[in-house]
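Me: I've got this model open and want a quick tour. Can you walk me through it?

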Amino acid sequence: MQHILGLVRRCVEDYNMIEAGETVAVGVSGGKDSLLTLTALARLGAFYPKPFRVEAITLETGMPGMDFSPVADHCAALDVPYTRISVPVYDIVFNERKEKNPCSLCAKMRRGALHAAAEELDCNKVALGHHLDDAIETFYMNLWREGRIGCFSPVTELPDRGLTLIRPLLLATEQEVR
């Protein structure tokens, strides 16, 4: 964890991701990437020279068999406020629209719901769990599928929403996250 904290702190500082007094919403799916992002930011907040708050948000999309009570327990152990929001993504994508290629619509709906929840909680930053391998994969997907060189940015401004997306795990590899 010390190694990951070092990478996260360096990323936060190198890309000026967090300012004093800000509230960072972490989108928590329950997977390793988002849980590590949450844990690292909560621990960083305990000693970082610019004080900031962390809020955890989980979107309950209606996917059968999902249990977020372990996430709630983890948030309680970290002393991080936890909000669960019911969003009927699964029902809309699979039952109503019967999408053959659901990924794009599902991602757009989840992103919109996460941004709206962050705004409602007065968060000005949204932290996502993308790591270095995700950035490399995105770069090559853009190159091979679209013929362009591009990738997501460590910090992305969403001026229409008054939010900034940050990716504090960007210096960590998939193996380090595991």
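Reply: First, a term: axes are lines fitted to C-alpha atoms, for helices over the stretch in contact, and angles run from 0 to 180 degrees between N-to-C directions. Helices (H or I, at least four residues) and strands (E, at least two) are DSSP runs, numbered from the N terminus. This is a predicted model, where local features need pLDDT of at least 70, side-chain atom pairs count only at pLDDT 80 or more, and totals for chains, interfaces and linings use all residues. Residues are numbered from 1 along each chain as its sequence is written, and side-chain values use heavy atoms, leaving out hydrogens and water.

Me: OK. At what angle do the axes of α2 and α3 cross?
Reply: Roughly 10°, and the axes come within 10 Å. Helix α2 is residues 32-45 and helix α3 is residues 69-78. So α2 is roughly parallel to α3. The cut-offs: under 35 degrees is roughly parallel, over 145 roughly antiparallel, 65 to 115 roughly perpendicular, and the rest oblique.

Me: Which residues in α2 and α3 meet?
Reply: From α2, L35, L38, T39 and A42; from α3, V71, H74, C75 and L78. That contact has six nonpolar residues, two polar and no charged. Contact means heavy atoms within 4.5 Å. Nonpolar means Ala, Val, Leu, Ile, Met, Phe, Trp, Tyr, Cys and Pro; charged means Asp, Glu, Lys and Arg; the others, Gly among them, are polar.

Me: And how do α1 and α2 pack?
Reply: Helix α1 (residues 2-14) packs on α2 at about 75°, with the axes 10 Å apart. The two are therefore roughly perpendicular. I4, L5, V8, R9 and V12 of α1 touch L36, A40, L41, R43 and L44 of α2. That contact divides into eight nonpolar, no polar and two charged.

Me: Switching to the sheet. In what order do the strands come?
Reply: β3-β2-β1-β4-β6-β5, six strands in an open sheet with mixed pairing. β3 (82-86) and β5 (155-158) are the edge strands, each pairing on one side only. On average, neighbouring strands are turned by 25° against each other, direction ignored. Two strands pair if DSSP finds at least two bridges between them.

Me: Are β5 and β6 parallel or antiparallel?
Reply: Antiparallel, over four bridges, with β6 at residues 163-166. V155 stands opposite I166, and E157 stands opposite T164. Their hairpin has four residues between the strands, and G162 takes a positive phi near 75° there.

Me: Last one. Which strands does α2 lie across?
Reply: β1 (23-27), β2 (53-60) and β4 (125-127), running at about 160° to β1. α3 packs on the sheet too, touching β2 and β3, and its direction makes about 155° with that of β3.
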